[in-house]
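Here's a quick briefing to read alongside the model. Have the sequence and the 3D view open, and we'll go from strands to rings to helices.

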Amino acid sequence: MVSDEILRTHLQELRRGTVVVASLVALRHPDYGYALLQRLSAHGFPVDANTLYPLLRRLEEQGLLTSEWNTEESRPRKFYRTSADGEAVLARLLDDLAAVQTSVTGLIEGVER
């Protein structure tokens with residue numbers, strides 16, 4: 001029987017790339033980090049804060065997200081939003097994700113190509 005550790009490792013690898021896609025989709029509507037963590041988790045993408053915040057910074061550095069500070073509340077919060085370049089990358093990622101899903105489904109169902 002496969003150990004829980006091996007399964008956990010493979011599930012983590014599978015989800016790692018999908019968190020980028022999920023974040024870009026979710027951030028089509030501006031949100032701050034903690035709210036994004038909750039939203040992703042509610043939709044089946046449990047992400048640790050120590051993973052998400054560096055990811056947000058990396059996506060922002062790559063120009064896929066924009067950010068701005070909201071200082072109107074008692075505690076300033078940084079809000080992120082998917083940029084135009086992020087939308088373009090997201091479209092390509094979603095196309096590829098759909099192609100992967102189709103390929104896996106074909107393998108499962110034994111469809112010849």
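W69 has K78 as its bridge partner in strand 3. This is a predicted model, where local features need pLDDT of at least 70, side-chain atom pairs count only at pLDDT 80 or more, and totals for chains, interfaces and linings use all residues. Residues are numbered from 1 along each chain as its sequence is written, and side-chain values use heavy atoms, with hydrogens and water left out.

- Three strands make up an open sheet, ordered 1-3-2, with antiparallel pairing. Strands (E, at least two residues) and helices (H or I, at least four) are DSSP runs, numbered from the N terminus.
- Strand 1 (31–32) and strand 2 (65–70) are at the edges with a single partner strand each, so one side of each has no neighbour in the sheet.
- Strand 2 pairs with strand 3 (residues 77–82) in the antiparallel sense, over six bridges; strands count as paired if DSSP finds at least two bridges between them.
- L65 sits opposite T82 in strand 3, and a hairpin of six residues takes strand 2 into strand 3.
- Strand 1 and strand 3 are also antiparallel, over two bridges, and here D31 stands opposite Y80 in strand 3.

**The aromatic pair**
- How many aromatic pairs does a search of the whole structure find? It finds one.
- That pair is Y32 with F79, edge-to-face, at 5.4 Å centre to centre and 70° between the planes. Rings of Phe, Tyr and Trp (its six-membered ring) pair if their centres lie within 6.5 Å; planes under 30 degrees apart are stacked, over 60 edge-to-face, and the rest tilted.
- The pair ties together distant parts of the chain, with Y32 in strand 1 and F79 in strand 3, 47 residues apart.

**The helix pair**
- Helix 1 (residues 4–26) packs on helix 2 (residues 33–42) at about 115°, axes 11 Å apart. Axes are lines fitted to C-alpha atoms over the stretch in contact, and angles run from 0 to 180 degrees between N-to-C directions.
- On the helix 1 side, A22, S23 and A26 meet L36, R39 and L40 of helix 2, contact being heavy atoms within 4.5 Å.

**The annotated stretch**
- An unreviewed UniProt entry annotates residues 27–91 as "domain: Transcription regulator PadR N-terminal"; such annotations may be inferred rather than shown by experiment.
- Over residues 27–91 the chain is 48% helix and 22% strand, with the end C-alpha atoms 14 Å apart.
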